[in-house]
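Reader: I would like to go through this model with you step by step, from the overall fold to single residues. Could we begin once it is in view?

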Protein chains: 4
Amino acid sequence: MGDTTAQLKLTHEGALRVLEAAMASAETQGTPQCIAVVDEGGHLLAFVRMDGAKFLSVQTAQRKAVTAADRRSPTGGLEQGHDLRLSLVTDGRLTNLKGGLPIVVEGQVLGAIGVSSGSGEEDLEVATAGVAAIPGAKTSW
Amino acid sequence: MGDTTAQLKLTHEGALRVLEAAMASAETQGTPQCIAVVDEGGHLLAFVRMDGAKFLSVQTAQRKAVTAADRRSPTGGLEQGHDLRLSLVTDGRLTNLKGGLPIVVEGQVLGAIGVSSGSGEEDLEVATAGVAAIPGAKTSW
Amino acid sequence: MGDTTAQLKLTHEGALRVLEAAMASAETQGTPQCIAVVDEGGHLLAFVRMDGAKFLSVQTAQRKAVTAADRRSPTGGLEQGHDLRLSLVTDGRLTNLKGGLPIVVEGQVLGAIGVSSGSGEEDLEVATAGVAAIPGAKTSW
Amino acid sequence: MGDTTAQLKLTHEGALRVLEAAMASAETQGTPQCIAVVDEGGHLLAFVRMDGAKFLSVQTAQRKAVTAADRRSPTGGLEQGHDLRLSLVTDGRLTNLKGGLPIVVEGQVLGAIGVSSGSGEEDLEVATAGVAAIPGAKTSW
């Protein structure tokens, strides 16, 4: 490989599409959610806190997204105990709570979504709906 | 729903009433306490550290109140292990220690009280007395 | 005043409307922006980072919004030197950079918008367009 | 001097008396304030945020009180520039903003009051009224 390489990036238009699809899923679910979309470097692209969602989840949703972008896999799969060590060494930025999913297209990680305010299963369902809004994005793990 | 909605808020007069009722309960109990009252967004409204209460409890009482306001339920009900993950992802702001109660009137969360310096049961008793000072506030969970 | 009082709140629908209007202004301007909308307590409601906007502006936009919500006035009006003291005492959360505006309806602060990634004047122009999306919101200062 | 010495301490009853006198002054003034009372070690004893006071002032009021207790003198008297160095080296806990006063009785520092949300002059006036509530406390500097 040479000095440079090309990488697919998520646009803000794409990030907002993810947000809208996730919001629609949360409305169907009946659970107000915090929803965050980050780029491949973990920087925030788009965010919404729905009416009634928890204020501490503003940060939690972002950290789930950061974790999924970092590890290129859904959050929640780490061994118990080991996950606490990883949280501590990252000052809490890495979390093993369910509800974070990477957005992967053609094998490249474009970013991630993190959802927080419901149960882990509810959060994951909304995150999955968000990822599915991007054509070609990987939705099964 | 439109762009705006109306919500009940706790006044400082209300917050001080909660504080006084909680202090009276702590005096009856014979345990000096730190008592914090926060608004629905977790911002401090009123606080007292009674003579002999622990100085680290200044922060603990506030974090119990923040947690109860955020989760809209009494602190202490989270599954062990899961609670540590939630503490880590919130930089310690969320705590599962007993002694935090939301102040709920007409189904709306107006804020919360957090009490710390005694045992979990003592803290909860004082918090309950505080919430009961607000007419119509929910006191059974 | 009694224990409770009623207050207007911004819905997430309202916050997204502010975001959209601000994005449209930034597109007309030709400057990609970070745009944050917070509630009256400074908690994030909605956010977008447009393609090409600066990643450090993710935080700057939020802090402009927090400052405008806290002070109930546009950012940028503090005396030089004094503004540094206020930034230090708030751990950098308060900023005097231009581009933050409160959202005020019927004399009540519902929240605020913060915009960052352009010049101060560009940021303020985009913020103003965002606020104007809420019917009845104050737009001249 | 032997191994131990006796020190006057402010009780929570005393701290609440300071709070009430300061609140009465703020009401007369017509400016909602955040008011904090700390002990001689800078630990919070009592606090109130009046309706309409700024949420970032929750921390600012406490830091003014901490600074006054630490330096045993009113805040605001440091040389410009030097005060920024002291803020930086204390992670912002020391502030030179006006509105902090030590509570000194018989030459001993019992604690301090910090007031924040108005102008520096308004904050100082309310702090002075608070200190005056303690019999024998020093009120001129």
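This is a predicted model: local features need pLDDT of at least 70, side-chain atom pairs count only at pLDDT 80 or more; totals for chains, interfaces and linings use all residues.

Author: Helices are taken here as DSSP runs of H or I with at least four residues, and they are numbered from the N terminus.

Reader: Is Ser57(C) buried or exposed, and what is its relative accessible area?

Author: The cut-off for a buried residue is a relative accessible area under 20%. Leaving out residues up to four places away in sequence, Ser57(C) touches Cys34(C), Ser116(C) and Ser117(C). Ser57(C) falls under the cut-off and is therefore buried, its relative accessible area being 5%.

Reader: How far apart are the C-alpha atoms of Ser57(C) and Asp91(C)?

Author: Along the chain, Ser57(C) and Asp91(C) are 34 residues apart, and the separation of their C-alpha atoms is 17 Å.

Reader: Turning to chain A, in what pattern do its helices and strands follow one another along the sequence?

Author: The secondary structure of chain A consists of four helices and four strands. When these elements are read along the sequence, the pattern is α-β-β-α-α-β-β-α.

Reader: Why can chain A be called as compact as a globular protein of its length, and what is its radius of gyration?

Author: The C-alpha atoms of chain A fill a box of roughly 50 × 35 × 25 Å along the principal axes. For 141 residues the globule rule gives 14 Å, and chain A comes close to this value, so it is as compact as a globular protein of that length, with a radius of gyration of 14 Å.

Reader: What percentage of the residues of chain A count as buried?

Author: Chain A exposes about 6100 Å², and carbon and sulfur atoms supply 49% of that area. Among the contacts that join residues at least 6 apart in sequence, 63% are between residues at least 24 apart. Of the 141 residues of chain A, the part that counts as buried is 54%.

Reader: Where is Ala24(A), and how far is its C-alpha atom from that of Gly130(A)?

Author: Ala24(A) is found in helix α1 of chain A, residues 12-29, and it is partly exposed, with a relative accessible area of 39%. Although Ala24(A) and Gly130(A) are 106 residues apart along the chain, their C-alpha atoms are separated by 8.9 Å.

Reader: Which residues is Thr31(D) in contact with, apart from its neighbours within four places in sequence?

Author: Thr31(D) sits in the loop between α1 (12-29) and β1 (34-39) of chain D. At 12% relative accessibility, Thr31(D) counts as buried. With those neighbours set aside, its contacts are Ala26(D), Gly118(D) and Glu122(D).

Reader: What separates the C-alpha atoms of Lys138(B) and Gly107(B)?

Author: Lys138(B) is in the segment after α4 (120-131) of chain B, and it is partly exposed, with a relative accessible area of 39%. Leaving aside neighbours within four places in sequence, Lys138(B) is in contact with Val104(B) and Val131(B). Lys138(B) and Gly107(B) are 31 residues apart along the chain, and their C-alpha atoms are separated by 8.5 Å.

Reader: Finally, which three residues of chain B supply 36% of the area that it buries against chain D?

Author: The contact takes 19 residues from chain B and 19 residues from chain D. The area buried between these two chains is about 1600 Å², of which carbon and sulfur atoms give 56%. The three residues of chain B that supply 36% of its share, more than any other three, are His12(B), Leu44(B) and Arg49(B).

Methods: Residues are numbered from 1 along each chain as its sequence is written. Chains are lettered from A and ligands numbered from 1 in the order in which they are written. Side-chain values use heavy atoms; hydrogens and water are left out. Helices (H or I, at least four residues) and strands (E, at least two) are DSSP runs, numbered from the N terminus. The radius of gyration is taken over C-alpha atoms; the globule rule is 2.2 Å times the number of residues to the power 0.38. Buried means under 20% relative accessible area, exposed over 50%, partly exposed in between (1.4 Å probe, protein chains only). Contact means heavy atoms within 4.5 Å. Accessible areas come from the Shrake-Rupley method with a 1.4 Å probe; for residues, only the protein chains shown count as cover. Buried area is the accessible area (1.4 Å probe) that two parts lose on being put together, summed over both.
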